[in-house]
Amino acid sequence: MNKSKNLLKGIIGLVIMFSVAKMVVVSLVATNGIEINQLEKQTNSIKQENKSLSEEISRLSSIRRVVDEAMKLGFTNNSPVVSLSQAAPLALR
Amino acid sequence: MSSSRIKILIINFFLLSFIISVKLFYWQIISGEKLSAQAESQYQSLRVIPGSRGLIHTSDNFPIINNREIYNLFINQQRDYSLSGENLDRLVAILEPDETLKEKMKIEIKNKFENRDLAWSYLAKSIVKEQKQSIENLKIKGLDFESEEKRDYPEASMSAHLLGFVGKNSIGSNQGYFGLEGYYDRELRSRSGTIEMEKDAFGISIPIGKTVENQAIVGRDLYLYLDRGIQFMVEEKLKLALTKYGAKAGLVVIIDPKTGGLISSASFPNYDPGNYSSTDRMLFPDPVVSQTFEPGSVFKVLVMASALNEGVIKVDEQCSQCFGPRVIGEYTVRTWDDKYHPNSTMTEILQHSDNIGMVYVAEKLGRQKLYRDLNNFGIGQLTNVDLTGEINIPLRSPEKWADIDLATISFGQGVAVTPIEMVSAVGAIANGGKLLEPHAVNKITDSEKTMEIRPKIIRQPITETTAKVMTELMVSATQYGEAKWAAPKGYRIAGKTGTAQIPIAGHYDSQKTIASFVGFAPADNPKFVMLVSLTEPTSSPWGSETAAPLWFDIAKEIFKIRGILPS
């Protein structure tokens, strides 16, 4: 009789303990929502920034822009290639 | 307590229980769905995750078509109905750079702000990030933004015809039109995803709550054979040539003979794909695939190659009919310069671009074989290039050819081809006799895999030996033909000039021509095949004086860009 009473008390104690533990975990995790929200906002903001920078890189490395900037810096069109003929004749004596 | 009181208590207890049960039944069963939905709308949040349309890259992995975020500005019900004059001026200054249109915009915006029946309305669309930030800094109550993605073109209108553009379809969704955007619309298209999450009273998401996520599908990216440096150079040179030669239009198409890859494709007049809505829609189709022309003498290389391949003529065979004009039925066929070269060999026929010589070759070949061989070269058929809008005009059945048709086809009149057909056919000569399917796209990628599009051999219209012989004939035509003065020294170029009259209303215009040059280089190990075509050049009608110099000019630059040394 005592044994079964003790067993029952033990089970009830375990149930109460697990319930309390669950409540603690749930409340800890549930309040992470704020952090998660902030992290999501940061992630989105960084992704946006990435995208803007990638657009900027594309714009700055367009050939038309590179040519225009090169002209401003004093570069000119490359000169025509001059083909050299066969080996120059050598005087042996 | 008396038994009657106990009874009354019990009855009241059961009555109360019954009432509660009925109420519970009403709330949970009858109104359950409605209340559930209402509750969900309070604690459930639905966020749309936009998917991005796929990008298009050139061969150096540069995104020639990118995506850019733009914003639409709107007013909502939280606005202050009387917008101050100062704020209105500042807002209009950000939105409208054109002074002449500022007053009109001010009136429109003021009216929308003051209209109390208007709960929501757009004020401006397609605003860029910098404008959005400036407007946000004004801190005007009731303004908000919705973002959307728009195509961005870092190289402006470069290869506009090849790329196409993105517009809206009948249900307002993005859809690609023309060029690659049209052909690969399904691959490029994205699909938005959603995340459904539970949120608390402050709108913060609850991590342990129910979450349902539908992943956004990002469009696949395309990687092209297009060489950005060569494309830029080609467009610059073509633009100058149109002015120099007074031509109405022009195009250049360059393919890699080993892969069929489209290295460059330029045509003018063109348009700005970022501003297609204010463009004449007649400019949208790509002339390289969507327009045909009578090729004229450039076509002779295909007829000659066919005759050599069939063994009906030999290279050193002499033309017995090349002493003067040929009368065929009621028509007289002459050479382009009315000069005649008796006993010309096949090499000389091409060098002189001799129409009489070509009639001789075609008659030796016969109409059945000529028809079959031209079909083998892909003439009159779709090349299946991966661009929207390709057309073809099938060759008429040889049974319907009159004698004069056999003659005119031999020098490229009375037959219509697209530029891509012509350059692909000549590409077969450059590629040891193998005809390849032309392609703009090299590979398609997404987050999981890469799909390479391998070069595809359609058929072999001529043997490798015939291809080599034909190459030498074309080298000779370039070195000793009418365009020899413009050819770059030190390089063996296999090519052919062409000057075709333009058919108008059943006859040929005596003044207007399409001047062309087609060829490949270096002849011994071709790195590119190129067709240049100028429509109605006014400085000179001849291909040898307009299209050929342009071809050689572009070729010299390609030699430099690709590091191709002289022979």
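Two strands count as paired if DSSP finds at least two bridges between them. Keep that idea in mind as you look at this predicted model.

**A three-stranded sheet in chain B**

- Chain B has an open sheet of three strands, and their order is β1-β8-β9.
- The pairing in this sheet is antiparallel.
- Strands β1 (44-49) and β9 (211-214) of chain B each have a single partner strand, so they stand at the edges and one side of each has no neighbour in the sheet.
- On average, neighbouring strands of this sheet are turned by 15° against each other, with direction ignored.
- Look next at β8 of chain B, residues 193-198, which pairs with β9(B) over four bridges in the antiparallel sense.
- To find a spot on this pair, look for M197(B), which lies opposite T211(B) in β9(B).

**Domains of chain B**

- The domain assignment divides chain B into domain 1 (3-43), domain 2 (70-151) and domain 3 (228-268 + 286-562).
- Taken over C-alpha atoms, the centres of domain 1 and domain 2 of chain B are separated by 53 Å.

**Where chains A and B touch**

- Chain B brings 23 residues to the contact, and chain A brings 19 residues.
- On the chain B side, the elements that give two or more residues are β3 (63-75) and α9 (228-245).
- The largest share of that side comes from β3(B), with four residues.
- By type, the chain B residues that touch chain A are ten nonpolar, four polar and nine charged.

Definitions and conventions
Residues numbered from 1 in each chain as written. Chains lettered and ligands numbered in written order. Predicted model: local features only at pLDDT ≥ 70, side-chain atom pairs only at ≥ 80, totals over all residues. Contact = placed C-beta atoms within 7 Å. Nonpolar A, V, L, I, M, F, W, Y, C, P; charged D, E, K, R; others polar. Domains from an automatic or database assignment. Axes fitted to C-alpha atoms, helices over the stretch in contact; angles between N-to-C directions.
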